[in-house]
Amino acid sequence: MPENEKTRLQKFMGGGKQGYQIAFQMAWPAVMESFFIALAGMVDSLMVSSIGAYAVAAVGLTTQPKFIGLCIFIAMNVSISALVARRRGEKDRIGANQVLLMALIFTVVVGILISIAAVVFAEPIIRFCGANEDTQESAVLYFRIIMGGMIFNIISMAINASQRGAGNTKIAMRTNVTSNVVNMIGNYLLIQGHLGFPAMGIAGAALATVFGTVVACIMSICSLIPKDNFVSIPYIIKERVRITLEPAKNMAKIASSVFIEQVFMRTGFLLVSIMAARLGTSAYAAHQVAMNVMNLSFSFGDGMQVAAVALCGRSLGEKRPDLAVMYGTICQRIGNMISIVLSILYLLLGNWYFHLYFVEEDIIAMGARIMQVMTVIVLLQISQVIYMGCLRGAGDVVFTTCASTLSITIVRPSCAYLFCYVLEIGVVGIWLGIVCDQIVRVCLTNWRFKSGKWTKIKI
């Protein structure tokens with residue numbers, strides 16, 4: 001970094017609370033949004049566990065194939081947030097709305113095709129994921145309902161990504177929190193059957209999830225109605241915004257790298273999930289509940305990552321790389337404080353947490369050991385997620401793709417197999433493999449962030 005930029009950064013960082021206040025104002029809605037999504041997932045599993053451990057395992061089996069189906073949309077959303085943030089920094093409102101329009105058309109067309117394919121091929125997909133006889137039928141039913149209604153989810157995701165890029169993180173928070181409240185109410189009514197509703201078991205849990213995404217989709221579309229918003233349907237109509245080649249090329253440039261990253265990442269996740277599933281239904285049930293805890297800690301890092309993407313992208317659009325570095329550093333410091341608190345809570349409350357889900361002592365014992373490993377994972381996880389956000393906000397997606405591919409697709413499954421099967425540590429060995437993955441990602445992203453090369457990328 002040039003000397004004058006270092007001087008400005010040091011002056012700003014030492015000058016008071018302004019940088020922290022801006023970062024916090026941007027981050028807290030995104031953190032709360034991600035937290036409630038993860039919390040809803042935990043409550044969802046808790047409600048499903050009332051049916052039995054097999055139901056928890058069945059729902060868990062659908063997670064990775066579902067996210068593989070969402071890979072292209074997750075990649076698209078990263079490009080949406082990064083480009084809208086950059087266009088806002090450049091005060092190019094037409095360019096930002098072109099990005100949104102292109103994204104919505106792509107999402108609807110491709111989403112319908114993927115949804116149909118997932119429903120038709122649900123049985124072989126779930127069987128490949130390691131389902132046992134006691135989980136296959138339930139997992140297929142759940143997967144078909146979830147993927148059949150995915151169009152509402154992906155439309156909401158695209159709109160919320162554009163709003164985050166524009167700095168409107170509260171909109172995404174409101175839609176997702178509301179969606180998850182609706183989901184939990186639906187679970188209460190439909191899983192066991194309450195207040196006159198039928199007891200539908202695992203199908204009820206899936207329907208509740210879809211209905212929650214319908215509500216979120218409606219709210220997200222409504223967020224585009226105010227004409228003064230940076231991304232807005234009335235503005236698109238008034239200015240006759242059209243799709244042009246330039247935003248499509250920019251989106252493809254970012255999204256293609258992130259899509260490759262997502263595919264390789266989900267392949268790694270799937271391989272590890274299959275390893276856990278082959279240990280048996282009890283071990284996989286413990287693994288799945290622990291994954292919900294990991295998602296909870298990820299939610300804090302993901303919320304800070306959203307802030308890092310928007311703030312870094314906007315700062316670079318304003319030709320202020322010093323501010324981009326500053327905001328990345330601030331987000332990292334906040335994330336470190338959160339991870340320390342979570343690590344202590346996981347260490348103290350891990351055993352109690354698994355008692356909420358299971359009565360089987362063997363599952364509880366496995367869960368308690370996993371939670372001990374989780375105390376280390378959370379310290380690494382939040383840090384690398386925030387660094388990834390800084391790099392993605394700058395458009396440095398080639399590096400993030402390579403880093404994620406190496407750590408998740410190669411290091412995680414290889415180390416998990418070594419600890420789980422070769423050294424015969426069992427399901428805890430799976431989680432030691434995850435520790436190795438997190439270490440690699442922290443080292444790579446920390447090095448890249450401090451190099452400053454990401455601040456020089458143009459998108």
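**Stop 1: colour by confidence.** This is a predicted model, so start with pLDDT. The protein averages 81, and 95% of the residues score at least 70. Now select residues 3-14, helix α1: among the elements of the protein, its mean pLDDT is the lowest, at 46. Over residues 5-16 the pLDDT is below 50, yet this stretch has 18 contacts in the model beyond near neighbours in sequence. For the other end of the scale, jump to helix α17, residues 427-451, where the mean pLDDT is the highest, at 90.

**Stop 2: the nonpolar patch.** Next, show the surface and select Leu46, Ile340, Val341, Ile344, Leu345, Leu347, Leu348, Leu349, Trp352, Leu356 and Leu379. Together they form a nonpolar patch with about 1,000 Å² of accessible area. Highlight helix α14, residues 321-357, and you will find the source of the largest share of the patch, nine residues.

**Stop 3: Ile344.** Stay on helix α14 and centre on Ile344, which has its place there.

**Stop 4: Ile237.** Now move to helix α11, residues 233-238, and pick Ile237. With 60% relative accessibility, Ile237 counts as exposed. To finish, draw a C-alpha to C-alpha distance from Ile237 to Asn187: the two are 39 Å apart in space and 50 residues apart in sequence.

Definitions and conventions:
Residues are numbered from 1 along each chain as its sequence is written. This is a predicted model: local features need pLDDT of at least 70, side-chain atom pairs count only at pLDDT 80 or more; totals for chains, interfaces and linings use all residues. Side-chain values use heavy atoms; hydrogens and water are left out. pLDDT is the predictor's confidence in each residue, from 0 to 100. Helices (H or I, at least four residues) and strands (E, at least two) are DSSP runs, numbered from the N terminus. Contact means heavy atoms within 4.5 Å. Patches are made of residues with over 30% relative accessible area and no salt bridge: like charges are joined within 9 Å, nonpolar side chains (Val, Leu, Ile, Met, Phe, Trp, Tyr) within 5 Å. Accessible areas come from the Shrake-Rupley method with a 1.4 Å probe; for residues, only the protein chains shown count as cover. A salt bridge is a side-chain nitrogen of Lys or Arg within 4 Å of a carboxyl oxygen of Asp or Glu. Buried means under 20% relative accessible area, exposed over 50%, partly exposed in between (1.4 Å probe, protein chains only).
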